[in-house]
Amino acid sequence: MSGKLFVVGTPIGNLGDMTYRGVETLESVDFICAEDTRVTLKLLNHFEIKKPLVSLHEHTSKQICEGIVARIESGENCAVVSDAGMPCISDPGADLIKMCVERGIPIEVVPGPTAMASAVALSNISSARFAFEGFLSVTKKQRFEHLRSVAKDPHTLVFYEAPHKLTATLEDMLEYLGDRKISICRELTKVHEEVIRTTISEAIKYYETVNPKGEFVLVVEGCKAEENEANLTLEQAAEQAKKLIDGGMKPSEACKEAAKMTGYKKSEIYAAVLGEE
């Protein structure tokens with residue numbers, strides 16, 4: 001008889017947020033899959049839980065995942081956790097879920113804290129409908145394409161970001177999304193928790209003198225109905241094309257994409273780009 005996979009949410013910073021059911025589940029399973037076994041070991045030691053740990057991160061081979069699934073199919077119960085929050089969301093646990101679903105293995109969720117929902121609740125920006133966008137790519141081309149794809153989305157946008165990339169991300173957001181309201185949530189539930197409710201341009205100014213530290217959740221106001229990219233000047237359209245070119249896109253392709261975004265003709269933008277060089 002097959003065992004079961006338990007998807008267990010863990011605290012995003014404060015160990016006091018671990019649920020009773022979460023502790024009971026980790027105590028009951030045969031083994032635990034963890035994103036970083038060192039981080040999970042601290043959690044287990046805090047609750048005096050001793051269980052075998054299996055590393056499950058973004059570089060985990062398919063062979064190791066197959067081994068985990070085989071153990072569950074043989075009757076063992078397994079819990080999958082991330083370093084913080086709900087596993088399998090912007091997390092390597094998603095691959096394990098997929099494999100278990102394909103094999104017909106029962107899966108049970110044990111809810112826990114999530115940084116994105118906590119940040120939206122604190123943001124003072126509309127929480128009626130929001131889109132979780134995860135981390136932006138470190139590759140410029142993909143990064144710009146991602147921001148461009150959500151520029152007209154009316155829903156509140158939620159991003160995760162690391163401290164060393166925060167300033168660049170804010171500058172890119174100003175370029176592609178415009179100067180919107182933003183809530184910058186840092187180190188949620190931890191000792192140095194901080195929420196800054198401001199605008200993107202003011203946030204950029206703030207971090208000119210303040211060194212970003214900790215993990216960030218960025219909650220950004222959605223596109224307002226009255227906003228229209230066709231109101232951009234030709235020079236601004238050319239600047240968007242140049243950004244795409246700087247990110248590795250071919251000039252012709254960049255001008256074509258900028259034309260889609262702004263309403264100007266590709267030839268007009270191409271001529272403006274050449275004129276600025």
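Here is a short tour of this structure, stop by stop, to follow in your viewer.

Before you click anything, know that this is a predicted model, where local features need pLDDT of at least 70, side-chain atom pairs count only at pLDDT 80 or more, and totals for chains, interfaces and linings use all residues. Residues are numbered from 1 along each chain as its sequence is written, and side-chain values use heavy atoms, with hydrogens and water left out.

**Stop 1: the sheet**

Switch to cartoon view. Helices (H or I, at least four residues) and strands (E, at least two) are DSSP runs numbered from the N terminus. Look for 5 strands in an open sheet, ordered S3-S2-S4-S1-S5 with parallel pairing; two strands pair if DSSP finds at least two bridges between them. Now pick out S3 (53-55) and S5 (107-110): these stand at the edges with a single partner strand each, so one side of each has no neighbour in the sheet. On average, neighbouring strands here are turned by 25° against each other, direction ignored. What holds strands of a sheet together? They pair through backbone hydrogen bonds, either parallel or antiparallel.

Zoom in on S2 (residues 31-34), which is joined to S3 by 3 bridges. Select Ala34 and you'll find its bridge partner, Ser55, in S3.

**Stop 2: helices against the sheet**

Select residues 37-46. This is helix H2, which packs on the sheet and touches S2, S3 and strand S4 (78-81); contact means heavy atoms within 4.5 Å. The direction of H2 makes about 155° with that of S3. (Axes are lines fitted to C-alpha atoms, for helices over the stretch in contact, and angles run from 0 to 180 degrees between N-to-C directions.) Next, select 93-103 for helix H4, which lies across S1 (5-8), S2, S4 and S5 and runs at about 150° to S1.

**Stop 3: the cores**

A nonpolar core is a set of buried Ala, Val, Leu, Ile, Met, Phe, Trp, Tyr and Cys residues joined through side-chain atoms within 4.5 Å. Buried means under 20% relative accessible area, exposed over 50%, and partly exposed in between (1.4 Å probe, protein chains only).

Show the side chains of Phe159, Met173 and Ile184, the residues with the most contacts inside the largest core, which has 27 residues. Which helix gives the largest share of this core? That is H7, with 5 residues. Keep Met173 selected: among the residues it touches are Leu147, Phe159, Ile182 and Leu218. Apart from this core lies another, of 19 residues, including Leu5, Val7, Cys65 and Ile72.

**Stop 4: salt bridges**

A salt bridge is a side-chain nitrogen of Lys or Arg within 4 Å of a carboxyl oxygen of Asp or Glu, and the count comes to 16.

Select Glu257 and Arg148, whose closest N and O atoms are 3.2 Å apart. Glu257 is in helix H10 and Arg148 in helix H6, so this pair ties together parts 109 residues apart in sequence. Are the two buried or exposed? Both are buried.

Move on to Lys243 and Asp172, which meet at 3.4 Å, N to O. Lys243 sits in helix H9 (residues 234-246) and Asp172 in helix H7, 71 residues apart. Lys243 is partly exposed at 24% relative accessible area, whereas Asp172 is buried at 8%.

To finish, select Arg143, Glu161, Lys165, Asp172 and Lys243 together: salt bridges that share partners join them into one network.

Methods. Lists of a residue's contacts leave out its neighbours within four places in sequence.
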